[in-house]
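Keep the structure open while you go through them.

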Amino acid sequence: MSVTANSPLAGQRILLCVGGGIAAYKALELVRRLRDAGADVQVAMTAGAQQFVTPLSFQALSGYPARTTLWDSAAEQAMGHLELARWADRVIVAPATADLLARLAHGLADDLVTTLCLATEAPLAVAPAMNHRMWKHPATVANVELLRSRGVQVIGPDDGPLAEGESGPGRLAEPEAIVAALAGATAPAAGAGPGLLQGLKVVVTAGPTYEDLDPVRYLGNRSSGKMGFAVATSAARAGAEVVLVAGPVQLDTPPGVQRVNVRSAAQMRDAVNAALPADVYIGAAAVADYTPRAFSPNKIKKTGTGETLALDLVRTPDILAEVASREDAGLKLVVGFAAETNNVADYARQKLEAKRLDLIVANRVGVPGTGFESDDNAMTAYWPGGERDFPPAPKLRLADGLVELVAERLRADAR
Ligand code: C5P
């Protein structure tokens with residue numbers, strides 16, 4: 001046994017919930033791998049899981065009796081199920097069947113496993129495994145999206161041969177990969193110290209907004225949302241309670257982050273207002289500046305002779321400026337982003353003042369390898385009386401640096 005004492009999972013108490021699928025046998029291997037990483041593992045099984053593997057096998061590997069039902073008075077006497085839910089530092093459901101995902105998504109608590117998942121405050125991860133048609137069914141897709149939006153980590157599934165002889169996405173991720181994914185989500189951020197933002201609430205906006213013209217067209221921009229998601233990840237790792245208001249992007253919800261999906265600038269403003277009060281506001285979204293004056297309920301047609309089309313647009317609310325001018329939102333620090341193509345420092349400082357911000361983060365767009373869709377970026381932060389350069393680095397590293405700066409500025413000038 002190769003004990004990895006320096007794994008982020010070392011000393012973690014992990015509750016493994018096993019669902020009723022053929023891949024349940026791989027959960028045995030998962031227990032071994034988690035223990036090899038230094039974790040303390042207890043196992044709870046659904047009734048279906050017990051059709052595939054025995055509680056005794058899990059007991060032998062984990063060193064604890066496997067829990068199988070809510071109604072076992074001897075087991076409850078030893079450790080009540082609510083106590084077990086509190087015991088866990090992390091909960092992983094593997095394999096998570098389509099049925100189990102549906103029950104988790106909708107908050108059912110009709111057996112031991114779903115009750116534990118509802119009762120725990122520990123971060124939840126799921127490793128789905130099922131037939132590929134069930135995985136692609138809109139009901140499952142929606143349930144997984146719902147779980148993701150609540151910060152649940154979704155690990156896999158893999159693509160490949162399935163038990164019933166078909167092939168496609170639906171294989172349980174390999175135990176080794178599940179352990180690596182759990183370790184990745186548990187690892188403290190490289191730069192931002194854990195606890196830097198402990199006890200603070202941070203609202204982050206990310207991504208573009210789409211302003212609908214008609215049922216098939218919209219005005220949007222090229223923001224990928226990666227920087228805002230990295231900032232949310234970093235802030236959560238630094239101990240903050242994070243609400244991430246996300247425009248339309250295809251990105252996983254960072255672990256432990258509460259995500260609110262929006263489409264338009266107007267919806268983003270409403271979601272931000274609903275998330276306040278907070279201690280820190282970080283506006284990383286690329287909010288559209290203009291929106292159609294009126295949405296056309298029918299598709300706008302090409303007019304017979306016209307070679308041009310004039311759109312009647314009106315300004316969107318400046319969410320950042322509105323937030324910064326609010327006295328009742330409890331904010332100690334308001335941070336804006338500025339994407340500029342030239343005169344970066346001048347424009348950024350102008351915005352800092354005009355929008356009454358405490359900090360602005362400027363980056364030059366249009367430089368190859370940085371900016372909107374890239375994983376890397378380079379940026380400079382400005383505040384009244386100071387600035388800091390962040391040389392080119394992956395966005396998550398830059399986000400760690402920004403979180404450190406936010407913590408510094410909070411200490412320096414309480415609003
Ligand atoms: O003025 P500009 O759009 O360049 O400012 C960018 C900053 O302002 C970003 O932090 C962005 O999130 C925010 N913003 C906003 N609402 C708008 C436009 C920009 O919150 N309507």
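1. Let me start with a term: a residue is called buried when its relative accessible area is under 20%, exposed when it is over 50%, and partly exposed in between. Ile 360 comes in at 1%, so it counts as buried. You'll find Ile 360 in strand 17, which covers residues 359-364. Bear in mind throughout that this is a predicted model. If you want a sense of distance, the C-alpha atoms of Ile 360 and Met 227 are 14 Å apart in space, while 133 residues separate the two in sequence.

2. On to the ligand. How many residues surround the ligand? The count is 13, and the closest are Gly 283, Ala 285, Pro 317, Leu 320 and Lys 351. Lys 351 also brings a polar side-chain atom to 2.3 Å from an oxygen atom of the ligand. On the nitrogen side, a polar backbone atom of Ile 319 is 3.1 Å from a nitrogen atom of the ligand. The side chain of Thr 316 has an N or O atom 3.3 Å from a ligand nitrogen.

3. Next, the aromatic pairs, of which there are 2. One is Tyr 64 with Trp 87, edge-to-face, with 6.1 Å between the centres and 70 degrees between the planes. Tyr 64 sits in the loop between helix 3 (55-62) and helix 4 (73-78), and Trp 87 belongs to helix 5 (residues 81-87), so this pair links distant parts of the chain, 23 residues apart.

4. Tyr 210 is buried at 17% relative accessibility, and Tyr 218 is partly exposed at 39%.

5. The charged end of Arg 315 sits over Tyr 290, at 5.6 Å from the centre of the ring.

6. Now the salt bridges: the whole structure has 20 of them. Take Glu 176 and Arg 33, whose side chains meet at 3.7 Å, N to O. Glu 176 is in helix 10 (residues 175-186) and Arg 33 is in helix 1 (residues 24-36), so that bridge links distant parts of the chain, 143 residues apart. Glu 176 is exposed, at 53% relative accessibility, while Arg 33 is partly exposed at 32%.

7. Asp 99 and Arg 103 make a salt bridge too, with their closest N and O atoms 3.0 Å apart. Both residues lie in helix 6 (residues 98-105), 4 residues apart, which is about one turn of the helix. Asp 99 is partly exposed at 46%, but Arg 103 is buried at 12%.

8. Arg 293 is exposed, with 55% relative accessibility, and Asp 312 is partly exposed at 47%.

9. Last point: Arg 90, in strand 3 (residues 90-96). Arg 90 is buried yet has no salt bridge. Where is the nearest side chain of opposite charge? That is Asp 89, 8.8 Å away. A salt bridge needs a nitrogen within 4 Å of a carboxyl oxygen. What the side chain of Arg 90 does have is a polar contact of 3.2 Å with the side chain of Gln 153.

Terms used. Residues are numbered from 1 along each chain as its sequence is written. This is a predicted model: local features need pLDDT of at least 70, side-chain atom pairs count only at pLDDT 80 or more; totals for chains, interfaces and linings use all residues. Side-chain values use heavy atoms; hydrogens and water are left out. Rings of Phe, Tyr and Trp (its six-membered ring) pair if their centres lie within 6.5 Å; planes under 30 degrees apart count as stacked, over 60 as edge-to-face and the rest as tilted. Helices (H or I, at least four residues) and strands (E, at least two) are DSSP runs, numbered from the N terminus. Buried means under 20% relative accessible area, exposed over 50%, partly exposed in between (1.4 Å probe, protein chains only). A charge sits over a ring if NZ of Lys or CZ of Arg is within 6 Å of the ring centre and within 35 degrees of the ring normal. Lys and Arg count as positive and Asp and Glu as negative; His and the chain ends are not counted. A polar contact is a pair of N or O atoms within 3.5 Å; within protein, one must be able to donate a hydrogen and the other to accept it, and residues adjacent in sequence count only if both atoms are side-chain atoms. A residue is near a molecule or strand if one of its heavy atoms lies within 4 Å of it.
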